[in-house]
Amino acid sequence: MKHVLGLGGLLALWLLRNALPRRGQRIAKLPASEERVVILGASTLDGLGAALLKQCLLRGTEHLMIVGRRRDALEQVRDHMLAQTAGRRSARAHVEIVCAELTSSADIAALRDRILQQWGGLDTLHIVFGVTSILPVLGVADVDPCGVNASGAASTDVHPTREGLDRIAAAVRRSSDGNLTGTAMVLGALVPILQTTSAHPAVVVIGSVAGLVPAPTRAVYCATKASQHFLVRSVELECESQAGTLVPGTQRRRARVPFLLVAPGPIQNSFVATYAVDARTGPRDNRENALKVHDVISATLARLDHAQWGTLVMPTRAYVASLLAQVNATYVWLLTQARLDWVHGASTVQLLTVPHEGACGRPLGGVHARRKVA
Ligand SMILES: NC(=O)c1ccc[n+]([C@@H]2O[C@H](COP(=O)([O-])OP(=O)(O)OC[C@H]3O[C@@H](n4cnc5c(N)ncnc54)[C@H](OP(=O)(O)O)[C@@H]3O)[C@@H](O)[C@H]2O)c1
């Protein structure tokens, strides 16, 4: 009963927050033509960063910078989006390209210098880049009892070898670097620019429902996205306490930097297939009913325009799942095929994963994940 009341209260708070009349439109105070926008992670044509670039061009943004590690891919995204928006964007629109490994201090410092040289400041920072992981922790070590292993083969071992444990450590480090360390370093380098050069700064971070709801085969991804979420929410509080302090050597005061954390569920694009740190193949969610990139970006920009900070969870039902996760109520008892067979005999559950033939001919995808978390 206590739990139900608590959940009801949280739901009411959420409804109140989202039903409140929208005031203080940011877009009215900061015209698109003046806004200086950096998008970190925009080198994939079907990605959120590329879609952000397109939407920004369509709304008249003129000062844009896109960042990723692959120059060719960045150029392709820029050319494609400029062609797609031809005649519908400002004639003065200019898209800068910066190649940077966003976990490298040298590259991030060079990016900061480039922003200052190019524009003398920054208004909107979009943090999109990230990595995922698609194997269970035991699968990374090749001893997953359900056969979802890095090797693609079913395991006869119960205990991981030392090498297996090292592989777990490597997956966690790479995932943590890409999702947590990179975000922290980028915020460290660019928040001071936002605080001291913009009257209406903002940071948008693409998190994930995985940072809110635990899920099988996504343990490492969930862990690093949850830490990214906490980092972002905490840095926002730090920025609030720093707002109004004097900028040394001037009479100016630091602006308050608000944050919008976006936590989408699975999206219809190539991210999971390309940016997994632990395997190239493995169980995949069926993405037929997943979110569309365009819808995620439209909802994100609408929140940004209306200065509605906080967390945007998509789809809305995932917000309810995240509340249930607080009381372990999303814990799915029909989690694995093995357990289902054990309890009920033959399977009647339609699994969400796409079967993939393992080395021993056993379908890797048929064992896990009733919940979809990207
Ligand atoms: N797709 C989903 O189902 C889904 C669902 C929920 C949340 N998300 C989140 O959305 C974000 C990804 O966006 P997306 O799905 O649209 O995929 P995406 O654009 O393909 O994301 C990867 C982008 O990040 C860049 N990147 C990755 N690591 C980098 C690094 N260390 N330094 C510099 N750039 C780096 C990649 O560029 P380079 O390869 O050129 O470096 C690429 O442009 C992630 O934060 C992910 O957690 C995705």
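How are α5 and α7 oriented to each other, roughly parallel or roughly perpendicular?

What we have is a predicted model, where local features need pLDDT of at least 70, side-chain atom pairs count only at pLDDT 80 or more, and totals for chains, interfaces and linings use all residues. Residues are numbered from 1 along each chain as its sequence is written.

The chain has twelve helices and nine strands (DSSP runs numbered from the N terminus, with at least four residues of H or I for a helix and at least two of E for a strand). Of its 374 residues, 42% are buried, meaning that 20 or more other C-beta atoms, placed from the backbone, lie within 10 Å of the residue's own. Among contacts with a separation of 6 or more, 75% are between residues 24 or more positions apart; a contact means C-beta atoms, placed from the backbone, within 7 Å.

Now the strands. β2 (residues 63–68) and β3 (residues 94–99) run parallel, joined by six bridges (DSSP must find at least two for strands to pair). I66 stands opposite I97 in β3.

Back to our helices. α5 (residues 105–119) and α7 (residues 162–197) pack at about 20 degrees, with axes 10 Å apart; axes are lines fitted to C-alpha atoms over the stretch in contact, and angles run from 0 to 180 degrees between N-to-C directions. So α5 and α7 are roughly parallel, the word for angles under 35 degrees. On the α5 side, the contact includes I108, A109 and L116, and on the α7 side, V186, A189 and I193. Thanks, all!

Conventions. A residue is buried if 20 or more other C-beta atoms lie within 10 Å of its own, exposed if 12 or fewer, and partly exposed in between; C-beta atoms are placed from the backbone. Two residues are in contact if their C-beta atoms, placed from the backbone, lie within 7 Å. Angles under 35 degrees count as roughly parallel, over 145 as roughly antiparallel, 65 to 115 as roughly perpendicular and the rest as oblique.
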